[in-house]
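Hi,

Here is the structure I promised to pass on.

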Amino acid sequence: MRIDLHVHSTASDGSYAPAAVIQAARAGGLHVLALADHDTVGGVAAAQAAGAGALHVIPAIELSTHHAGNELHMLGYYVDPLEAGLLRYSVRASGAREVRMREMLDRLAALNITVSFDDVLVAAGPKPDSIGRPHLARALLQRGYVQSMNEAFDRFIGDDGPAFVPTRLITADQAIEIIHQAGGVAVWAHPRQDRMEAELPRLQESGLDGVECFRPRVPPPDSDRIAATARARGLLVTGGSDWHGEWHGRLGDFFVDRDDVAQFLDVGGI
């Protein structure tokens, strides 16, 4: 069984519509996929409809939070996409993300890089529920300021870039509560290994259920150490590509096996 538990669509900042994500996943040989768009579940229904009978689609969301002075993302799996609290959060997040994007555009302007909010919307295509950095990276590419999406992140809008603005919507504790109220399990997305030991106890006290351990840009020995730490604390282990489009490679090139994430799949009856 080939599994990818972290994939984005045009409902947030991916480059493929939900149904097209499923088509790409099937072409890439995946059997289970979690659609985990940033701060929205708007693409889940279309993805599940497209995957019916051919590919199991787990309803998921990636919540943007702040914790201990840093941005931290929390994945919510097996959530009810129609749960009222989750939908209210998504509406608030959409407005906050627009404010954040305008702040990043201001920072770019201070670097003599002129990109408008309309440029970002054009780069995003049909209006997504959630505006994000890949949309801005695409706008920078289209305006000729960079030669690739990766260059946009490396030079300007990556976490350490001069135009980066963190998404400060809710705390990690609040994200865990929102996920649980929607019937889901809360998983720390792409944690930095140097922060895990210090932050895990606190997050676990708040109800954290698992840790995303297996990722394409993390060497296998490091992934194994992260997974061992999570399992030692009784936490679920997950893995995913964090795929936003073909600039991340072909969907399905990275996958985890059932044995890697068996406990997590058991929670969802998969």
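**What I found**

Leu-87 sits in helix 3 (residues 84-110); helices here are DSSP runs of H or I with at least four residues, strands are E runs of at least two, and both are numbered from the N terminus. Keep in mind that this is a predicted model, where local features need pLDDT of at least 70, side-chain atom pairs count only at pLDDT 80 or more, and totals for chains, interfaces and linings use all residues. Residues are numbered from 1 along each chain as its sequence is written, and side-chain values use heavy atoms, without hydrogens and water.

Buried, exposed or partly exposed: which is Leu-87? Its relative accessibility is 36%, so Leu-87 is partly exposed (buried is under 20% relative accessible area, exposed over 50%, partly exposed in between, with a 1.4 Å probe and protein chains only). Beyond its neighbours within four places in sequence, Leu-87 is in contact (heavy atoms within 4.5 Å) with Val-41, Pro-81 and Leu-82.

Now for helix 5 (residues 133-142): the rest of the structure largely encloses it, because eight of its 10 residues are buried. Among them are Arg-133, His-135 and Leu-140. The cover over the buried residues of helix 5 includes strand 4 (70-77), helix 3, helix 4 (117-124) and helix 6 (149-157). After helix 5 comes Gly-144, with a positive phi near 85 degrees.
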